[in-house]
Amino acid sequence: MHIVLQLIPKKYLIGGTLILLGLSGLLIMSTIVAITGEFEKDSQQSEVTEIEGGGIGVGTANVSPEVMKYQPLLEKYAQKHGLDASYVPIMMALMMQESGGRGNDPMQSSESFCGSVGCISSPELSVDKGVLHFKSVLEKAHYDLKLCLQSYNFGGGFINYVMKNGGKYTPELAISFSQLQYQKVKHTGDYHCVRPEMVPYSACYGDALYVNAVLKYYTGTITADGKPAATASGGSGGKSGVKVIDAGKTLIGKTRYVFGGGRSQSDINAGRFDCSSFVRWAFEQVGMNVGPMSGVTTDTLKTQGQAINPKDMKPGDVVFFDTYKIDGHVGIYVGDNQFLGCQGKTGVAIASMAKGTYFGERFNGRVKRF
């Protein structure tokens, strides 16, 4: 065999090897796609992940995978502490600024929890206390979200200062508060300007530009009062729910499931969708923006809208299923234990979610009304 190999020109050996490797790769990829026909695009595949939130205006938090992994915990403790889940994207942007999701105290909650840095050594405790503190500050700030964010950095004294000076956050008040506080503590030598541009102002207490620092990780609108926006009359479960079903049905028999499909106009024109991109498309047809075409996933959809008890589901509500992961598949409820979605074997089609069926056994009870 060794002699035979010596007789074959080297370039043919290399070429043959590359062809074999290529064929092997295609075989492996085909196997993976076949096995994971119901898989949704993994939200942590890229360096920066987009997360949707609707309560304070539809927006996107652009965060690292390290922060992304805390989304379930943030949702868990938002629910525990009675904070609208639509604030989760903003809190993720806050965490991105505080720690990038790294360390044992990713929300930097130690000072608010026990009065000193370093007393928290559990990431889950950090999220628990961070969400609780965020909610407390938000309420004290009368839902002025920018005031809430700046106070998360400065402390509660900034809220009192703002209330005595117009009652609403402004960048100028943040700078003047930083100046005043710095004059009180600069003799300690423990405070230095975190931003060079603040040195001429002697505004070296905390980060006077903290609001912008957080919001650079958040793209979207914020309502005037910072409160979660009310669900539109009827919501997706009302008349508009029937409309979104009708819109979605127009694609039955005209599409095929493609992992990660539906995130470009060429994909849409060719009928290539996955489950979340189809849901986004269907709602777009009735004038509802539930996320950017390029960034929508099951994880972004589940943070939007109003949570509904499964017993109260109506046509047009969005339903989630635990397939390859929690909330791995999504569709639009049409009634009678059926939903409209883009499935691996059928493309866009109506499927059963009755007990005993594939999706019936995987329905996790999460229902959202957009």
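**Strand β7 and its sheet**

Both faces of β7 are covered: V318 and F320 on one side, and V319 and F321 on the other, are all buried, where buried means under 20% relative accessible area, exposed over 50% and partly exposed in between (1.4 Å probe, protein chains only). The model is predicted, so that local features need pLDDT of at least 70 and side-chain atom pairs count only at pLDDT 80 or more, while totals for chains, interfaces and linings use all residues. Residues are numbered from 1 along each chain as its sequence is written, and side-chain values use heavy atoms, with hydrogens and water left out.

Strands (E, at least two residues) and helices (H or I, at least four) are DSSP runs numbered from the N terminus; two strands pair if DSSP finds at least two bridges between them.

β7 (residues 318-321) runs antiparallel to β8 (residues 329-335), and 4 bridges join them. Within β8, V318 has I332 opposite, and F321 faces H329. With β11 (residues 363-369), β7 pairs in the antiparallel sense over 3 bridges; there V367 is the bridge partner of V319.

The open sheet comprises 6 strands in the order β6-β11-β7-β8-β9-β10, with antiparallel pairing. β6 (306-307) and β10 (347-352) each have a single partner strand, so one side of each is left without a neighbour in the sheet.

Helix α14 (residues 275-285) lies across β7, β8, β9 (338-343) and β10, at about 45 degrees to β8. Contact means heavy atoms within 4.5 Å; axes are lines fitted to C-alpha atoms, for helices over the stretch in contact, and angles run from 0 to 180 degrees between N-to-C directions.
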